[in-house]
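Welcome! Take a moment to look over the sequence and the structure, and then we can walk through a few of their features together.

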Amino acid sequence: MLTIGDFARASRLSAKALRRYDELGLLPPARVDPFTGYRYYAAEQLERARLIAWLRRIGMPLAEVGRVCALYASDASGAARAIRGYWARVESDTAARRDLAASLVDRLKGPTEMTDETADEATGGTAEETADAAPGGTAAGTTGRPAFVLRTAVRLDRGLVRAAQQDAAHAGPHLLAVADGYGPEGERAALAAVGALEAVPPPAPSARTGDVLNALEDAVRTADGAVSGLADSGTTLTAAVWTGGRLALAHVGDSRAYLLRDGALVRLTRDHTVVQALVDAGELDPAEAADRPDRALLLKALDGGEAAPEPELGVHETRPGDRYLLCTDGLSAVAAADDIRRALAAGVGPDEAAEALVALARERGGPDNVACVVADVVPA
């Protein structure tokens, strides 16, 4: 038997941590002296103690540490998979925060090309002559009238295989959203999530970026609460709020947002899936990802659990002529990015483009529901 001091030195855990883990049931001592209350540990407990120490060093929450330790006792391979899944979530969260930091840095650099173009076209003058134009695509002297607006179209398709429609979508003058429900109550989950986002008020043209992002994040948390109670069900959610000069994005899951600008298609979101995390970590070739049977295994989703997932947030400056696409994986999982680009760049309006995207998914077998929103930045 080892005293708590000897065990602490051998396990690289402090005596205080050992007492805490005893209280939580993570690492109870082998024996407690009935008179002094002093704790004694068996040498055989060192392996579990060291595992706990390693898991804490990578930042794993105590509740998850307990699950991994319990799994390790009966299934070491299962415990290894659980650790790998946890770290994939960490890397996904880190990547999302990196993207948000980059977008905020870009935003704080100063006036954007969109601001200058908006002022020029709205007043017929130069950027210097219209320096008092309000931010966010609204020209001075126009009583708050935006110089540019979104022209949108939305399409839902059940596909050729699914018996029910579990996707939902919304396209309005300031809000775009798609959701992909799963489980027995998937349709209700997707509709509830999109319905919660519809409550986001239209931002003022002068709204600060941080305020818009905060409102979006709050709405995602509300959406997660709206899904609560739907047994074994949940949904992805990708939503965008238009401010007249910027598009603020919130994203959870593997639905996607794209930007078509000057003929080039750029993906604005990262899939919150195990496969994408492996690709990001360099453990899986992107070409192999599409053929993985677990490619749809989500790291994040709205499921009404104990803790709402943190959405991936971003801000994107818009330009006249930009075309945005929000879609569920019923499209993106079966159609190559270049095929999607061609459908979006065909020189047709949002309605025709949305129809072409649904047709593209059907041409590829239509194995899943499809929801897509197409939005063009056009003069008001």
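Predicted model: local features only at pLDDT ≥ 70, side-chain atom pairs only at ≥ 80, totals over all residues.

## What lines the largest pocket

By class, the lining holds 18 nonpolar, eight polar and ten charged residues.

The volume of the largest pocket is about 900 Å³. There are 36 residues lining the largest pocket, and those closest to its centre are D254, D271, R295, D329 and A333.

## Helix α12 and its cover

Which residues of helix α12 are buried? In this helix, which spans residues 337–344, they are D339, I340, A343 and L344. These four lie on the same side of α12, because they cover an arc of only 135° around the axis. An α-helix has 3.6 residues a turn, so residues three or four places apart point the same way.

Now for the second largest pocket, with a volume of about 650 Å³. It is lined by 21 residues, and the closest to its centre are E64, R89, A307, A308 and P309.

Two or more lining residues come from each of α4 (62–74) and α5 (76–108). The largest share, five residues, comes from α5. By class, the lining of the second largest pocket has eleven nonpolar residues, one polar and nine charged.

How values were computed:
Residues numbered from 1 in each chain as written. Heavy atoms only, no water. Buried < 20%, exposed > 50% of the residue type's maximum accessible area, 1.4 Å probe, protein only. Arc of directions from axis to C-beta. 1 Å grid on protein atoms, 1.4 Å probe; cavity = no way out; pocket = protein on both sides within 12 Å on 5 of 7 lines; lining within 4 Å. Points joined across faces, edges and corners; volume = space filled by probe spheres on them. Nonpolar A, V, L, I, M, F, W, Y, C, P; charged D, E, K, R; others polar.
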